Amino acid sequence: MRLHLLALLAKEPAHGYELKQALEQTFGSAYPSPNIGQIYVTLGRLEKDGLIRAVDVEQSNRPNKKVYYLTAKGRDVLTLWVDEPTEGPRVRDEFFMKLVLAPLTGIADRMALINRQRRHYLSLMGDLNALLDETEPDDRVATLLIEGAMLHLQADLEWLERCQEDLA
Amino acid sequence: MTHAVLKTVNLVKVYSGGAVPVHAVRGVDLVVEPGEFIAVMGPSGSGKSTLVHMLGGLDARTSGEIWVDGKRADTLSESAWALLRRKKIGFVFQFFNLVANMTVTDNVELPALLGGASPRVARERREHLLGALNLTDRADASPAQLSGGEQQRVALARALANEPSVLLADEPTGNLDSRNTRDVLRLLSKVHKDGQTIIMVTHDARVAGLADRVICLLDGEIVDDGRIARRRTGTAGAVIDLR
Ligand SMILES: Nc1ncnc2c1ncn2[C@@H]1O[C@H](COP(=O)(O)OP(=O)(O)O)[C@@H](O)[C@H]1O
Ligand SMILES: [Mg+2]
């Protein structure tokens, strides 16, 4: 969450609760609802690393609150994050390892592994279909996230098909 | 126990027109219960189209049996198959096959009328189906005036117009963009919920994700046939990991 908070602070200084609200407003249902405790812990670490600076603001008849500012060092870290290419999903995943190693162990045959994995992906896809159906069409961020996940699953299924053809 | 809508016993298709015979389907045993939605998957050339064409009587089987609604069908003549299709089978082809010199409206109403619906019922079904597929304002167009995606949706509306016992479809979402796919997915899940039996060849994982059973073909044989588990969903953020 570190970089997400830095990005929000690049827009404007804010206190912890405002950051929670900003995450919720920006991502809608596309982000697991952030826990305020977790936000404060992360802010504490960012401050310790010199990426943000906390300023106490006096409040009449309430305890002071801390407003957080992005530092120059924080901006550099954020810029680096935004500018560098992002890793895509790895293909050498757990399933691939099973597929390669299964015949050596004699525990499962590859065809059965692939079939089981296909059913699993389709069941995930069923979930995403239901999710998309329940998502408000104007929740663009959540819609894009779901569509992205669907396209990844589509690719996973095509890859399974390739594996199966290859084994036949 | 309910009886199967569709059943095959050791179904085989060999294309023997060419220099070497092609064994396209090699002994498929299949039982389809009423209301099931089956996705047929598998690599190109694995026999998916051949299989569903045989199920709809559009391609003659080489050997084996086909049963539709408890009646033996593989021994029927072509004209008897045509009659059976009118009453019981809706078919969406990979390449639409709309009647070129008829409007969208007529393309969709005709199968309902041929299936025995009154003109009023045929009109109501057509209005409903075109509306669900976002095609109402294309009702008076002819197929040539439609985009590929529109033709594909009209083909689906037509296939459902006679309220068939079973809907057979061969890659019906190949030409659709994401918005149109969403309309098609909605309609498919609605008719499925209302009890429509569906057997659909598809490479589209979103469509296959609606099915309750998947059959996977490889070299003309079924290598997997099983149920797709339904689970529970949360919000997008909870279901999908942000890395
Ligand atoms: N009319 C035909 N004549 C000869 N061979 C055919 C004919 N139709 C399909 N085939 C062959 O039968 C096999 C299965 O084809 P098809 O059922 O179209 O597979 P799929 O739909 O899975 O791609 C392929 O090898 C294909 O080349
Ligand atoms: Mg095909």
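Student: Is R186(B) buried or exposed, or something in between?
Tutor: R186(B) counts as partly exposed, because its relative accessibility is 40%. Keep in mind that this is a predicted model.

Student: Which residue does R186(B) form a salt bridge with?
Tutor: Its partner is D133(A). The closest N and O atoms of the pair are 3.4 Å apart.

Student: Where do the two ends sit?
Tutor: The pair crosses between chains. D133(A) is in helix α6 of chain A, and R186(B) is in helix α6 of chain B, residues 178–193.

Student: Why do such side chains pair at all?
Tutor: Opposite charges can pair when the charged atoms come close.

Student: How many salt bridges are there over all chains?
Tutor: A search of the whole structure finds 21.

Student: What about E150(B), which residue does it meet?
Tutor: E150(B) meets R138(B) in a salt bridge, at 3.2 Å from N to O. The pair links distant parts of the chain, twelve residues apart. E150(B) belongs to helix α5 of chain B, while R138(B) is in the loop between α4 (119–132) and α5.

Student: Are those two buried or exposed?
Tutor: E150(B) is buried, because its relative accessible area is 15% and the cut-off for buried is under 20%. R138(B) is partly exposed at 24%.

Student: And D204(B), what does it pair with?
Tutor: D204(B) forms a salt bridge with R206(B). Their closest N and O atoms are 2.7 Å apart. D204(B) is buried, with a relative accessible area of 9%. R206(B) is partly exposed, at 22%.

Student: Which residues are joined into one network?
Tutor: E36(B), R213(B), D225(B) and R227(B). Salt bridges that share partners join them.

Student: New topic: sheets. What is the strand order in the six-stranded one?
Tutor: The order is β6-β7-β8-β3-β9-β10, in chain B. The sheet is open, with mixed pairing.

Student: Which strands stand at the edges?
Tutor: β6 (89–92) and β10 (221–227) of chain B. Each has a single partner strand, so one side of each is left without a neighbour in the sheet. From one strand to the next, the twist averages 15 degrees.

Student: What about β3(B), is it covered or open?
Tutor: β3(B) is mostly covered, with five of its five residues buried. Both faces are covered. F37(B), A39(B) and M41(B) are on one side, and I38(B) and V40(B) are on the other.

Student: How does β3(B) pair with β8(B) and β9(B)?
Tutor: β3(B) runs parallel to β8(B), over four bridges. F37(B) stands opposite I198(B) there. Four bridges also join β3(B) to β9(B), again parallel. In that pairing M41(B) stands opposite C216(B).

Student: And β7 with β8?
Tutor: β7 (residues 166–170) and β8 (residues 197–201) of chain B are parallel, over five bridges. D170(B) stands opposite V201(B).

Student: Which helices lie across these strands?
Tutor: Helix α6 of chain A, residues 110–134, lies across β3, β9 and β10 of chain B. The helix runs at about 45 degrees to β10(B). Helix α5 of chain B, residues 148–160, lies across β6 and β7 of chain B, at about 175 degrees to β6(B).

Student: What about the sheet of four strands, which order has it?
Tutor: The order is β2-β1-β4-β5 of chain B, with antiparallel pairing. β2 (22–32) and β5 (71–72) are the edge strands. β1 (residues 6–15) and β4 (residues 63–68) are joined by five bridges. L6(B) has V68(B) as its bridge partner. Helix α1 of chain B, residues 48–55, packs on this sheet and touches β1, β2 and β4.

Student: Which angle does D219(B) have that stands out for a non-glycine?
Tutor: D219(B) has a positive phi of about 50 degrees. Most residues other than glycine have a negative phi. D219(B) is in the loop between β9 and β10 of chain B, and D219(B) is partly exposed at 46%. D69(B) also has a positive phi of about 50 degrees. That residue is in the loop between β4 and β5 of chain B.

Student: Last one: which residues form the nonpolar patch on the surface?
Tutor: M97(A), V100(A), L101(A) and L104(A). Together they have about 360 Å² of accessible area. V100(A) is in helix α5 of chain A, residues 94–105, and V100(A) is partly exposed at 36%.

Definitions and conventions. Residues numbered from 1 in each chain as written. Chains lettered and ligands numbered in written order. Predicted model: local features only at pLDDT ≥ 70, side-chain atom pairs only at ≥ 80, totals over all residues. Heavy atoms only, no water. Patch = residues over 30% accessible without salt bridge, like charges linked within 9 Å, V, L, I, M, F, W, Y side chains within 5 Å. Areas by Shrake-Rupley, 256 points an atom, 1.4 Å probe, with all protein chains shown as cover. Salt bridge = Lys/Arg side-chain N within 4 Å of Asp/Glu carboxyl O. Buried < 20%, exposed > 50% of the residue type's maximum accessible area, 1.4 Å probe, protein only. Pairing = 2+ DSSP bridges. Axes fitted to C-alpha atoms, helices over the stretch in contact; angles between N-to-C directions. Contact = heavy atoms within 4.5 Å.
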